[in-house]
Amino acid sequence: MNLRVAVVGGGTGGLCLAHGLVRAGVEVAVYERSRTRTERLQGYRVHIDPHGAAALHECLPPDAWQRFVAATGESAHEFAFVTEQLRELAVMREPDAADPAKAHHSVSRISLHQVLSAGLEGILWYDKEFVRYEAGPKDVTLHFADGTAASADLVIGADGANSRVRAQFLPHANRVDTGIVTIVGKAPLSGCAGRFTAGPVYVVAPPGCGMFTAPHLSPEVAVNDETADLDPVLFDNTGSYVTWAYGARNLPADLSELDGAALRSLVLDLIRDWHPDLARLVSDSPEGTVSRLPILTSVPVRPWPSGPVTLLGDAAHSMTPFRGIGANTALRDAQLLCRKLTSGRAAGVAVAEYEREMRKYADKAVRTSARSADQFVSGSRLGRALTRTMFRTLGAAQKLRR
């Protein structure tokens, strides 16, 4: 194929797409602003659902797919809903999937990035900070902060929620602040109560706040020379841990000035009347793992005219993390766009079809994620009571069925 594709951003969706295009014989280059492959060595677990797993299986070469499967932790098939006193409301259990391409996976973001980065030598270019593009009559020219430039027939903005490609391409496509702020951290799994190691836990807390925990049961991963001296909790693909998030709309305004230790102390104060195991989970989290995360979301925009520039992942549809589907939606984008570009259709037609189909599931994902964020921190006493009653009834039905 003669199509030249430039992907701006070496994140999950962009790298998955690059692998799929390379396998199909498409000329592709990925431009990543990080200076080296190991520049960003912090992060939390990411849940890969069957949509994401199917996309990775289809786009990655077989050896890379096997490395991904080997890098995933032991999957937890139990999802519990509890009160702030850890009284069980409901427990959902999902049977094991025999086919990894149809299964749920827990994986370190760093491990996933390493798997996706491998095998793209001469394709993935680091220290390429995108500045702007110029669309000409024949192709598109990309300009980078180091003064260099590159050209392509199709440019794909996969540069995340703060996408510079989107800012130029769709300047009216903004992200809005939900008013929710989360404080997140992670504790070594070895010291955590059994409730937190069995699977994700949704704490249906008193009105105005919420808490979520999820374990990452790490596989045995060899530590290479570049990472051997790193803290095993911070460098999260060398150890098992439980990640947690506390969220609310009425947190102090000066959170941005607090370090990890101060944020941890704040959460401990806010949950001082909750079950001691929840306080222990927070107190056992090293201060370097505790951080503040304001929750923003994109707002779906009207369809735009298709052309030689398009968007993928958070650059197209940034969503709140409360449904856990952001990365999976980006992978779904990569799978769909790869299929369209390698279908034999003209590039313009392929991009138009991709954008039309992507909007349908992505706009829905953005809306449901925003709705879940509102429910997570609902300040309505009646609404919270009804939520607990709903899960308690569901839990009773599950027990009766078992």
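Q: Against which elements do the buried residues of H3 pack?
A: The buried residues of H3 pack against strand E3 (45-48), helix H2 (50-59), strand E6 (105-108) and helix H4 (109-117). Contact means heavy atoms within 4.5 Å; buried means under 20% relative accessible area, exposed over 50%, and partly exposed in between, with a 1.4 Å probe and protein chains only. Helices (H or I, at least four residues) and strands (E, at least two) are DSSP runs, numbered from the N terminus. The model is predicted, so local features need pLDDT of at least 70 and side-chain atom pairs pLDDT 80 or more, while totals for chains, interfaces and linings use all residues. Residues are numbered from 1 along each chain as its sequence is written, and side-chain values use heavy atoms, leaving out hydrogens and water.

Q: Which residues of helix H3 are buried, and which are exposed on the other side?
A: In helix H3 (residues 62-71), Ala64, Trp65, Phe68 and Ala71 are buried. They lie on the same side of H3 because they cover an arc of only 125° around the axis, taken from the directions from the helix axis to the C-beta atoms. Pro62 and Ala70 are exposed on the other side.

Q: How are two packed helices described?
A: The description gives the angle between their axes and the distance between the axes. For helix H1 (residues 12-23) and H2, the axes come within 8 Å and cross at roughly 35°. Axes are lines fitted to C-alpha atoms, for helices over the stretch in contact, with angles from 0 to 180 degrees between N-to-C directions. Cys16, His19, Gly20 and Arg23 of H1 meet Ala55, Leu56, His57, Glu58 and Cys59 of H2.

Q: What are the strand partners of E9?
A: In a regular strand the side chains alternate between the two faces of the sheet. Strand E8 (residues 130-135) pairs with E9 in the antiparallel sense over five bridges; pairing requires that DSSP find at least two bridges. Tyrosine 133 stands opposite leucine 142 in E9, and a hairpin of four residues joins E8 to E9. E9 also pairs with strand E10 (residues 149-152), antiparallel over four bridges, where valine 140 stands opposite alanine 152. In the turn of the E9-E10 hairpin, glycine 147 has a positive phi of about 90°.

Q: Why is strand E9 largely enclosed?
A: Strand E9 (residues 140-144) is largely enclosed by the rest of the structure because four of its five residues are buried.
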